[in-house]
Amino acid sequence: MATDENAPGAQGGNPADNSGGAQPPQGDQGASYAPQGGQYSPQGGQYTPQGGQYTPQGQPDASAQQPQGQYTPQGQYAPQGQYASNAQQPQGQYTPQGQYAPQGAYPAGGYAAPAPTKMDPNKKKKIILLSSIAGAVVVILIIATVVINVINGSQYGPQAVVEKYLTTISAGKASEANKLVKPGLKKEQAALLSDKVLKEKNTRISDTKVSKTSKEGDSARVAFSYKLDGTTYDGTLTLSNQGKQAVFFDDWKIDKPLLVDVAVYVSQGTEATVNGVNVDFGEEGVLQAYPGVYTVSAPDSKWFSAEDQEFVAGTGSKASYSAVELNLKPTDALTEEVQSQLDDMIDACAKETSKEVDENCDMDVDYVSGLSEVSKVVRKVVEYPTVTVDETGRSFETEGGEIKYTVTGKDYSGKSVTGDLEARSYWTFYGDITVDGDKVVLEFW
């Protein structure tokens with residue numbers, strides 16, 4: 001049945017009555033009516049939205065003018081055929097690409113979407129497993145980051161490093177503290193940095209606390225406090241970050257050891273006993289030590305004694321920078337040793353029969369009144385002189401003593417004569433004392 005070009009809807013007009021839904025025209029099996037908004041027409045009909053021309057089983061009228069601003073897919077819908085390439089399309093309209101030739105007609109009411117494809121159960125399980133693993137990895141990484149940060153702060157951060165250092169010193173483990181922060185001293189200069197010196201608990205620091213930590217880049221400053229001999233002392237240590245250790249953790253190092261100068265001036269020599277350990281303070285009289293209480297006594301020697309001196313080596317605002325003066329006093333043993341050496345020397349000289357002997361003995365007989373010549377002198381010690389050592393133990397002198405001389409010679413007539421000289425009742429010696437360990441050396445004036 002032919003379509004009347006003058007019929008309503010052929011040139012873009014609407015049907016006469018579409019308020020309740022238009023009915024398709026009668027008499028043509030292959031055509032369907034396109035209501036407002038446009039709808040695909042099954043069985044070869046042409047789709048024309050809103051006023052377009054409907055031409056069943058054929059090509060659209062190229063002269064049919066389409067209203068602008070409406071949606072018109074490119075070309076014609078032509079089952080069992082091609083889109084007409086010569087169909088004029090209005091500008092600004094959407095035109096789908098390619099050929100669309102489905103079999104049969106669309107059901108009334110619009111386009112039906114295809115049913116979703118069911119996923120392979122194994123593939124679904126694999127996706128779920130991979131998703132679970134990825135989620136678990138993310139959680140583990142987050143936990144690991146938190147754990148690393150916590151460990152860094154609690155075990156490897158500046159505060160933790162200082163706390164460990166102070167705890168080691170307070171435990172008396174000087175040798176271990178020397179490894180944590182190397183003192184950079186020669187062996188003789190590090191004489192006080194030993195476990196023996198810090199052996200007694202009451203000589204060590206206690207109640208160590210870190211009060212403040214500040215960081216700036218790879219540098220840190222840690223303030224701390226501790227108790228020593230009933231007083232609370234303070235101090236600070238600076239640290240530098242050396243990079244990483246064990247891949248993840250910071251490597252903070254204390255820049256300088258926590259050391260205090262202990263100055264001791266010994267009246268005799270340079271040795272003294274500190275906390276029971278004999279040390280040599282050298283010519284400068286200064287050794288470095290960890291904070292602590294140090295009892296300075298006479299050196300481990302039988303020749304001298306001294307009143308114990310206590311020095312509290314603290315840091316910070318309450319530190320004391322005074323020196324210890326150790327005044328050694330000679331013991332009876334030193335006086336006895338000087339006396340014994342002097343007596344031995346006198347005995348050795350008394351055995352000589354020549355006119356002259358060791359000048360230190362003061363026993364020469366150069367001239368005897370009435371004799372022109374002295375050939376032999378016999379000396380006999382009646383009483384040894386008494387030694388007195390000065391209060392420093394550095395010198396000595398004697399008083400008293402008696403010696404007799406028997407002389408053999410010739411008088412002026414050439415006659416051989418033997419006789420006793422008048423006994424010598426004054427006999428004085430002077431000299432210096434040098435103590436080198438257990439050895440005492442006398443030098444006579």
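How many helices and strands are there in the protein?

1. The model under review is predicted. The protein holds four helices and 20 strands.

2. Of the 445 residues in the protein, 34% count as buried. The accessible surface amounts to about 27500 Å², and carbon and sulfur atoms account for 48% of that surface.

3. E271 belongs to strand β6, which covers residues 271-274. The relative accessibility of E271 is 33%, so this residue counts as partly exposed.

4. G419 lies in strand β18, spanning residues 416-420. With a relative accessible area of 29%, G419 is partly exposed, because that class takes in values between the 20% limit for buried and the 50% limit for exposed.

5. The surroundings of G419 can also be described. When residues up to four places away in sequence are left out, G419 touches Y405, T406 and V407. G409 stands 10 residues from G419 along the chain, and the C-alpha atoms of these two glycines are 8.8 Å apart.

Key. Residues are numbered from 1 along each chain as its sequence is written. This is a predicted model: local features need pLDDT of at least 70, side-chain atom pairs count only at pLDDT 80 or more; totals for chains, interfaces and linings use all residues. Side-chain values use heavy atoms; hydrogens and water are left out. Helices (H or I, at least four residues) and strands (E, at least two) are DSSP runs, numbered from the N terminus. Buried means under 20% relative accessible area, exposed over 50%, partly exposed in between (1.4 Å probe, protein chains only). Contact means heavy atoms within 4.5 Å. Accessible areas come from the Shrake-Rupley method with a 1.4 Å probe; for residues, only the protein chains shown count as cover.
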